[in-house]
Amino acid sequence: MRQEIIMASLQKRLRQPVNLLLVALVGGMFCIFRLMAHVHPPSLVELALPFLLLLAHVAFSPIPWQWMSKGGLLRGFIQALLFNTLWVSVLLMAIHWATPFDAMHRPGPPPLSAGMEPGGPPEMPSKPWMEPRRSVPPPFLPGMGLGLLNVAFALVFGWITADKEATEARERRTADLLRQSQSKALQNQLEPHVLYNALSSLSELVYEDPLAAEDVITRLADLYRMLTTHGKADEASLAQERRLVEAYLAMEQMRLGDRLRVSWEWPPWADEVRLPPFFLQPLVENAIKHGISPSDQGGELRIRCAKEGDGISLQVENTGCPPSENPGKGVGLGNLEARLALRNQAPSAFTLKHEGPWTIATVRWIARPVP
C-alpha cells in the first residue's frame, strides 16, 4: 500500500507545472553562472547537471520520509540520510565519468604546453624543476563538497515536501469523509420523504377505494425495504434505481389509474451503469406530484436514459399542469442539487424547463474525481 502511495505521489510531483517551472528557472540560473565563469564553453553534461540534480531532488528526496510510518523522526532522518547519500553519489559519479568523454569533443585548439609559443618549437626548460607538470586524471569520486551540499539539501527539501504532501493528503481525506457524511445525510433525508408522500397518497386512496388501499399497503412495505437497502449504498446500478421507481409508480398507478400513462426509453446498457442512488426517483416524484396529479386529465410520463458525451443523462418528461414561473424546489429536487454539488458536478448538471406541453427535468452525470 505504501509503495502505491509513494509512486502516485512521485508521479504527481513530476507532473506538477510548479515543480517543473522551478527546475527550469533554478537550473537555468546555474547554467548562466557557469557560462559566465568559464573561458571555454561548458560541455552538455555540465549544462545538464543542475537540471538533473534538481529533478532528482523533486523525485527522490521525499521518498524516505514518506516511507517512514511510526519509527519516529530519528529513524526517518537515518533512512533519509542513507537513501539520499546513495542516489546523490550514484548520480554524481555517473555525471563525473560522462564529463571527460564529452569534454574531448569540444571544439577549439588544444591548450599550449609550458614554454611553447604559437607557430614555433617548444622552448626547452633550462632546469628540471621548470619542466611542465603532466595532467593528472580526475579522481574516481566526485567532488565531496557538491555531494555533501546535495545530501544536506535533499534532507531538508525532502522533509518539507513529504510533510506538505502528508498534510494535503489528510485534508483530502477529511474533506472526502465530510462529503460522504453530507451525502449520506442527504440520502437519508430522502427515505422518509418518499414514505411520507406514499402515505399521503394512501390516505387519499382509503376513502376512494379501500380494496386498492389494502394492496397499496402491501406494496408500501416492499417499497420501504427497497428504500432501506438503496439508501445505505454509496453507489447503485441503474437497474436497482429503475426497480425502485417502478415500485413507486405501481403505487401511484393504483391511485391515479388511467390519469397516469408511463413509457420508458431505456437502452439495455443502462442497467449496468452505476451512479449515486436517488437520482431518478426525485425526478419521477416531482413530475407526478406537481404535474400529473393536480391535473384533472392527468398526463403522460416519459423516462429516458441516454449517453451524452463522456457521461449519461437521465430525463423525465411529463405533461399535465405546467410549472409556475418561479417554481420552488422541494425536498427531492433540492436534495438532488445539493448531492450533485457535493460530487463535483457542474452547476448545469440538473435542469428543469418547459417546452410546449412538456415539463422536462434532466440530470447529467459525469464521473469526476472529487477534490
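## Strands, helices and a surface patch

Strand β5 (residues 311-318) is largely enclosed by the rest of the structure, because seven of its eight residues are buried. Buried means under 20% relative accessible area, exposed means over 50%, and partly exposed lies in between, with a 1.4 Å probe and protein chains only. Helices (H or I, at least four residues) and strands (E, at least two) are DSSP runs, numbered from the N terminus.

The model is predicted: local features need pLDDT of at least 70, side-chain atom pairs count only at pLDDT 80 or more, and totals for chains, interfaces and linings use all residues. Residues are numbered from 1 along each chain as its sequence is written, and side-chain values use heavy atoms, leaving out hydrogens and water.

**Pairing of β5**

Two strands pair if DSSP finds at least two bridges between them.

β4 and β5 form a hairpin with two residues between them. In that turn, G309 has a positive phi of about 65 degrees.

**Helices**

The expected span of a helix is 1.5 Å times one less than its number of residues. Helix α8 (residues 238-256) has 19 residues and reaches 26 Å from its first C-alpha to its last, close to the expected 27 Å. Just after α8, G257 takes a positive phi of about 65 degrees.

Helix α9 (residues 281-292) has twelve residues, which should span 16 Å; its end C-alpha atoms are 15 Å apart, which agrees. Ten of the twelve residues of α9 are buried, and the helix is mostly covered. Among the buried residues are P282, L283, V284, I288 and I292.

**Surface patch**

L74, F77, I78, L81 and L82 make a nonpolar surface patch of about 480 Å². Patches are made of residues with over 30% relative accessible area and no salt bridge; like charges are joined within 9 Å, and nonpolar side chains (Val, Leu, Ile, Met, Phe, Trp, Tyr) within 5 Å. A salt bridge is a side-chain nitrogen of Lys or Arg within 4 Å of a carboxyl oxygen of Asp or Glu. Accessible areas come from the Shrake-Rupley method with a 1.4 Å probe; for residues, only the protein chains shown count as cover. L81 lies in helix α5 (residues 72-103) and is partly exposed, with a relative accessible area of 32%.

**Cysteines**

C305 is buried at 5% relative accessibility, whereas C321 is partly exposed at 25%.
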